[in-house]
Amino acid sequence: MFELIKKLSDAHGISGYEDEVREIVREELESYVDDVKVDKLGNIICVRKGDDFKVMLAAHIDEIGFMVKHIDDKGFLRITPIGGWFSQTVLNQRVIVHGSKGKVYGVIGCKPPHLMKEDERKKVIEIKDMFVDVGAENKEEVKEMGIDIGSPVTIDREVVKLGKRITGKAFDNRAGLAVMIEAMKKINTDATVYAVGTVQEEVGLKGARVSAFSLNPDVALVLDSAPATDFPGAESAYMDVKLGRGPVITVADASGRGLIASKRVLEWLKDSAKKAEVEIQLEVGEGGTTDATAIHLTREGIPSGVVSVPARYIHTPVEVIDLRDVEQAVKLVAKAVEIAKEFF
């Protein structure tokens, strides 16, 4: 499991540019399914053919990042965020600019505190005031590197072990993606199962919306990550989500503006956890949402649930997860697919 998550997390793919991650999904699952296809938006759909009952598993394959929006005459790049960033986590990161000639390393900088006025030092530096330094002396050198307006930018970070846990970038949602991949290898069912690596989740749940409309499943299960609250400063969230305590089942997110899981969906997932002997955690969230929000509102409505891996420091380059939670989530998802017909 460590090697799979490392391979997925170390890969790069901001929203709309998920090619590298999509190919890993293909490599991992093509020998376990009957068909693999990529739709017009870029979703990868791996199909295990069965009877008329259709189950959709969905895990988004994009990560938050940036895009080059301006190159100045001195060769510095201005960037715009793609997805949700907290600006304080961005400054002084090393990044990769994905140009037409390959990967170019750079660093994110800003005006140094030595040159700031006293009132400037007290302010949070916004992304619009940062820049990427790729070592060029002028705009022409930047262009020669293959960098242009619109070039994607990702964080340069690799997964490492952190005690009993691991840390890296994009565990939202490479951890959920790993759950989907491994569950597909273990599922035993006569239903038709679609494992969908969805694109552009971080910028509007776009891939989930079109793939769910096309597949029109009887039930859908989204695999994602959930914010853990077991570290200093998180107590004020009044949520009890801990690493190492098992996967998280979403009851509601975005204060109900996103998904409110139906009683039947919750019964299905709780029963699956019991039969799989998996400890679970429940989440009622006020902030973000998942692909399930788009899927459950598709066509006349698709029953949808969410199983997540708890993660600390989501949407930073140093997210932290516990592999035991990932392994337990795999067991839960495999069992849920096997008994889905009993509930829908």
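**Ground rules**

I number residues from 1 along each chain as its sequence is written, and my side-chain values use heavy atoms, leaving out hydrogens and water. Since this is a predicted model, local features need pLDDT of at least 70 and side-chain atom pairs count only at pLDDT 80 or more, while totals for chains, interfaces and linings use all residues.

**Entry 1: helix H2**

I began with helix H2, residues 19-29. Helices here are DSSP runs of H or I with at least four residues, strands are runs of E with at least two, and both are numbered from the N terminus. I looked up which residues of H2 are buried, and found Val21, Arg22, Ile24, Val25, Glu28 and Leu29. They cover an arc of only 155° around the axis, which puts them on the same side of H2. (The arc is that of the directions from the helix axis to the C-beta atoms. Buried means under 20% relative accessible area, exposed over 50%, and partly exposed in between, with a 1.4 Å probe and protein chains only.)

What covers that buried side? I noted that the cover includes helix H1 (2-10), strand S1 (35-38), S2, H5 and S12. Contact here means heavy atoms within 4.5 Å.

I also checked glutamate 20, which is in helix H2. Glutamate 20 is partly exposed, at 34% relative accessible area. Leaving aside neighbours within four places in sequence, glutamate 20 touches Ala11, His12 and Lys103. Glutamate 20 and isoleucine 61 are 41 residues apart in sequence, yet their C-alpha atoms are 9.6 Å apart in space.

**Entry 2: two partners of H2**

A reminder to myself: two packed helices are described by the angle between their axes and the distance between the axes. The axes are lines fitted to C-alpha atoms, for helices over the stretch in contact, and angles run from 0 to 180 degrees between N-to-C directions.

I took H1 with H2 to start. Their axes come within 9 Å and cross at roughly 150°. That makes H1 roughly antiparallel to H2. (Under 35 degrees counts as roughly parallel, over 145 as roughly antiparallel, 65 to 115 as roughly perpendicular and the rest as oblique.) Leu4, Lys7 and Leu8 of H1 meet Val21, Ile24 and Glu28 of H2. By class, I have four nonpolar, no polar and two charged residues in this contact. (Ala, Val, Leu, Ile, Met, Phe, Trp, Tyr, Cys and Pro count as nonpolar, Asp, Glu, Lys and Arg as charged, and the others, Gly among them, as polar.)

Next came H2 with helix H5, residues 171-186. Their axes come within 10 Å and cross at roughly 20°. H2 and H5 are therefore roughly parallel to each other. I listed Val21, Val25, Glu28 and Leu29 on the H2 side, and Arg174, Leu177, Ile181, Met184 and Lys185 on the H5 side. This contact has six nonpolar, no polar and three charged residues.

Beyond its neighbours within four places in sequence, serine 9 is in contact with Val159, Gly168, Lys169, Phe171 and Arg174.

I then looked at asparagine 173, which lies in helix H5. The peptide bond from aspartate 172 to asparagine 173 is cis, with omega near 20°. The C-alpha atom of asparagine 173 is separated by 11 Å from that of valine 222, 49 residues apart along the chain.

Valine 222 lies in strand S13, residues 219-227. At 1% relative accessibility, valine 222 counts as buried. Its contacts beyond four places in sequence include Ala58, Ile295 and Val307.

In helix H6 (206-215), I marked Gly207, Ala208, Ser211, Ala212 and Leu215 as buried. They fall within an arc of 115° seen down the axis, so they line one face of the helix. Their cover includes strands S2 (44-48), S3 (54-60) and S12 (192-198), and helix H8 (291-295).

**Entry 3: positive phi values**

Where did I find positive phi? Asparagine 216, which follows H6, has phi near 45°. Glutamate 277 has phi of about 55° and sits in the loop between helix H7 (263-276) and strand S15 (281-284). Glutamate 277 is exposed, at 67% relative accessible area. Tyrosine 313 has phi near 60°, in the loop between strands S16 (304-311) and S17 (319-321). At 33% relative accessibility, tyrosine 313 counts as partly exposed.
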